[in-house]
Structures are given as C-alpha cells and as structure tokens.
Amino acid sequence: MTVASPRLEPVDFDSLVNAGINRPARYMGHELGVEPRDWQASRVRWALSYPEIYEVGGSNQGHIILYSILNAVPGQLCDRAYLPAQDLAQRLRDLRQPLFAVESRRPLQAFDILGFSLCYELGATNILEMLDLAEIPLLASDRGHQPLNDLAAPPLIFAGGPTATSNPEPYAAFFDFVALGDGEELLPEIGLVVADAKANGLSRSSLLQDLAQVPGVYVPSLYGQGSDGTSIVPLEPAAPAKILRLEASIDSMGRSLKPVQVQHWLAEQMGESLRMTGVQRQELKLLRC
Ligand code: B12
C-alpha cells in the first residue's frame, strides 16, 4: 500500500458542509471557549478524537481534559476530530475530500500526531472508518519511515483510554503506539519527545524507539509473541519488558473544561441560520483573521 499524497491546507468547508448536511454546527469547531491557534508557530500539531459522532464524542470528559492540557503547552496546538455522520461521510467520499479537524478544518493528514480515545470496544471500527476517510493507511506498518517533518509522512496514530489500556493487543496493528492509563501527564511528555524528533529530523522508527522509553507508552512494532504462544515480549533489548499504566496526580486535575459542546437545539438554530443568511461564510472569515 502506498502512503497517501499530502493534502495539508484547510478543506473547502463551504462546499462540504452546506444545506444538504444535517446539524452543520457539529463540524464548525466554533464552540464557546475555543481559542484561535497559531498553526505556523506550533512545533507539534495534535488532533485528538473521541471516535463517535459529535454529540457523543464532544461531551466526553477525558477527551476535553486532554485537549485543554495540550493547548496549554507552549509551542504546541491541539485540534479535535469526530466521526462524521453518514451524510457527511458520503459527501467526503463523493468529493474525494479527506476528513478534517473541526477547528483548523485541516485534513487529519496535516497533523503530526493523532490520538484516539478508545473507551469501549466498538469504538475501534469507528477509528478505522475515520482513518479511511482521512486517507491515512490503516495499518501502522503501511505508514512508511519518513520523519514527521517530511510533508508526506502520515501522522503518528495512537490510542488511549480504558479499552486501549485494558487490552491493546486486538488493536495493536493499527496504532503506532498505545498510551496506557491516564493521559494528563503522559501527553505533554510525548509532545516533548515528538518536538525533539521533529527538530532533529528523526525517522519514524527512531522516534517510536524514543517514545517506547516513556513510561506508559507501548509501541507494538517493538514486540512479538513469546515462546509460550500467549505472552508479548520485546523484540529488541531497548524496549521495556513491562509497561506502566499511569495514574494522573491530583495536581494535574481541576482544570476548567473548554470548549463547551454545542447543544442540539443550538446546532439546529445555527444550521437554519446558516442556510438562510450565509452566516457561515462570515464566521469562516472571522476564524481566518
Ligand atoms: C460517563 C460514561 C459513559 C457516558 C459517556 C458520555 C460521554 N460523552 O463522555 C455514556 C453513558 C454515554 C456511556 C456509554 C457507554 N459506555 Co461508558 N462509561 C462512562 C464512565 C462511567 C465514565 C467515563 C468518564 O468520563 N471518565 C472520566 C474521564 C476523565 O476519564 P476517562 O474517560 O477514563 O479518560 C481518562 C483516561 O482513560 C485517559 N484517556 C482517555 N482517552 C484517552 C485518549 C488518549 C489519546 C490518551 C493518551 C488517554 C486517554 O486519560 C483520561 C484522563 O485521565 C466509564 C466508567 C469509568 N469509571 O471510567 C464508563 C465506561 C467507559 N463505559 C463503558 C461502556 C461499555 C459503555 C457503552 C458501550 C455501554 C453500552 N453498552 O452502550 C457505551 C458506549 C458509548 C460510546 N458510544 O462511546 C465501559 C468500557 C469498558 C471497556 N473496557 O470497553 C466503562 C469503562 C464502564 C465499565 N467498567 O464497564 N459511558
């Protein structure tokens, strides 16, 4: 499988999300509390996803906590992505447009690192649907070796959350790495490793080896089946034999959660006004200023 060609600029939102799409506010990324982010100045660009439609994903506490923490890290930004409903998914496929993050409206391929909350088993198939819509190879082994600052390199794809933590193995082939336990302290540490790798032009495999040294990070490609047929053992001496499941310290808690999710009635109101007045175009202009 070849790695998809990079399409890194914001999608043509007006042609994708218009009167034919239900609840367009789901995709606008313009909720109360969203702040402008400096794409060019950011050394590491994250997208986090709770892989469900917006109403389920956007209200998930863990997802918004981790998003808020990453946006407080200097020099890094974090956007969000959700599973599009069937109407937008079909339109993306018909128009051959890649799935995008809701705030920057950039294709998910444009990010350095894309993290999914895997909070129940069936969320896994939604992740595959999102990767497919984003034109990102489904298997970690098909994502090439280019360093992340090569524009053709797909983002690092990883998962965290209760299901990923309790048994990552059924999903291992799809992820470059899996984060075990709470993400509050782990994600900023991962961000530092990724920033360093980008600054030094490290290959994807060298970066993954570095990430494997971070407590709480499991890199499946560095492990294989043990001689007993059930255990998982390191394939190289540098990979730790046991990986910690992290617990957030009390100091990392107690943040206010932003953004506030767009409620159904508001989404519908916004959808109606978009259709009638073209507010969407004005809002887009404001967002781009
Ligand atoms: C609230 C809740 C719900 C709400 C979710 C609403 C919402 N939008 O958030 C509702 C009622 C909708 C719900 C539904 C379901 N739930 Co529920 N739910 C919970 C519950 C009680 C709390 C989750 C929570 O908010 N925790 C607080 C946040 C801060 O913690 P967190 O989510 O765990 O996130 C932290 C870490 O996990 C980690 N993390 C999370 N995401 C990521 C991502 C990355 C990249 C990283 C690094 C880390 C990371 O960092 C976060 C911060 O520390 C948990 C049980 C529990 N005590 O955790 C069950 C739980 C998650 N649910 C579960 C299940 C099974 C379901 C359903 C499938 C039930 C059903 N049969 O329909 C559905 C699936 C819904 C869906 N489509 O996603 C199971 C999952 C079991 C499993 N191993 O898969 C749990 C664990 C309960 C259980 N013990 O059985 N649920």
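Across which strands does H3 lie, and at what angle does H3 run to S2? In this predicted model, helix H3 lies across S1 (44-49), S2 and S3 and runs at about 155 degrees to S2. These strands belong to an open sheet of 6 strands, ordered S2-S1-S3-S4-S5-S6, with mixed pairing. At its edges are S2 (76-81) and S6 (217-218), each of which pairs on one side only. Further along the order, S4 (residues 156-160) and S5 (residues 177-179) run parallel and are joined by 2 bridges; Phe 158 has Phe 177 of S5 as its bridge partner.

Helix H3 also meets another helix. The axes of H3 (residues 61-71) and H7 (residues 186-199) come within 9 Å and cross at roughly 45 degrees, which makes H3 oblique to H7. The crossing is right-handed. On the H3 side, the contact is made by Leu 66, Ile 69 and Leu 70, and H7 contributes Leu 187, Pro 188 and Gly 191. By class, this contact has 5 nonpolar residues, 1 polar residue and no charged residues.

Both helices turn up again around the ligand. The ligand is surrounded by 26 residues, the closest being Gly 62, Gly 115, Gly 160, Asp 182 and Gly 183. At least two residues of this shell come from each of H3, S3 (113-117), H6 (162-166) and H7, and H3 gives the most, with 4 residues. The shell divides into 10 nonpolar, 12 polar and 4 charged residues.

Definitions and conventions:
Residues numbered from 1 in each chain as written. Predicted model: local features only at pLDDT ≥ 70, side-chain atom pairs only at ≥ 80, totals over all residues. Axes fitted to C-alpha atoms, helices over the stretch in contact; angles between N-to-C directions. Parallel < 35°, antiparallel > 145°, perpendicular 65-115°, else oblique. Left-handed = near helix turned anticlockwise from the far one by under 90°. Contact = placed C-beta atoms within 7 Å. Nonpolar A, V, L, I, M, F, W, Y, C, P; charged D, E, K, R; others polar. Near = placed C-beta within 6 Å. Pairing = 2+ DSSP bridges.
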